[in-house]
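This report describes how the secondary structure elements of one chain are arranged. The sequence and the model are shown first.

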Amino acid sequence: MAKTILAVDDSSSLRQMVAFSLKAAGYLVVEAVDGQDGLEKAKLQSVDLVLTDQNMPRMDGLQLIKLLRELPTYQKTPILMLTTESSDEMKAKGRAAGANGWLVKPFDPQRLIEVVKKVIG
């Protein structure tokens with residue numbers, strides 16, 4: 001059965017590019033427009049991986065990760081941050097919140113697929 005990935009980003013063009021790349025590799029994709037939307041969608045259905053941006057309206061990526069980690073269903077689910085933020089300080093905050101990895105935008109679709117395959121197969 002295909003693995004499901006939740007892609008959370010306030011940029012529709014970036015979400016579409018992520019979704020297109022992942023679907024082409026055989027994954028199912030659920031899209032969310034910001035952290036709040038992502039949290040609501042994550043509660044409605046369980047996913048195998050969460051890809052989230054950091055800077056979004058209503059709720060940012062770090063807050064989303066913290067809240068997901070409080071849910072029993074998402075304590076072990078891999079969460080990757082896909083963001084323009086690449087400072088060591090931000091990566092440390094991401095790890096502290098519960099992120100498993102980091103991809104910097106602009107991302108290479110091939111690299112995204114490689115990382116996702118490593119994380120969830």
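## Packing of α1 on α5

Helix α1 and helix α5 (residues 109-120) pack with their axes 10 Å apart, at an angle of about 60°. Helices (H or I, at least four residues) and strands (E, at least two) are DSSP runs numbered from the N terminus; axes are lines fitted to C-alpha atoms, for helices over the stretch in contact, and angles run from 0 to 180 degrees between N-to-C directions. The angle therefore makes α1 oblique to α5, the class left after under 35 degrees (roughly parallel), over 145 (roughly antiparallel) and 65 to 115 (roughly perpendicular).

From α1, V18, S21 and L22 make the contact, and from α5, P109, L112, I113 and V116; contact means heavy atoms within 4.5 Å. Of these residues, six are nonpolar, one is polar and none is charged (nonpolar: Ala, Val, Leu, Ile, Met, Phe, Trp, Tyr, Cys and Pro; charged: Asp, Glu, Lys and Arg; polar: the others, Gly among them).

## Basis of the model

The model is predicted, with local features requiring pLDDT of at least 70 and side-chain atom pairs pLDDT 80 or more, while totals for chains, interfaces and linings use all residues. Residues are numbered from 1 along each chain as its sequence is written, and side-chain values use heavy atoms, without hydrogens and water.

## The sheet

The order β2-β1-β3-β4-β5 describes an open sheet of five strands with parallel pairing; two strands pair if DSSP finds at least two bridges between them. Because β2 (28-32) and β5 (101-104) each have a single partner strand, one side of each has no neighbour in the sheet.
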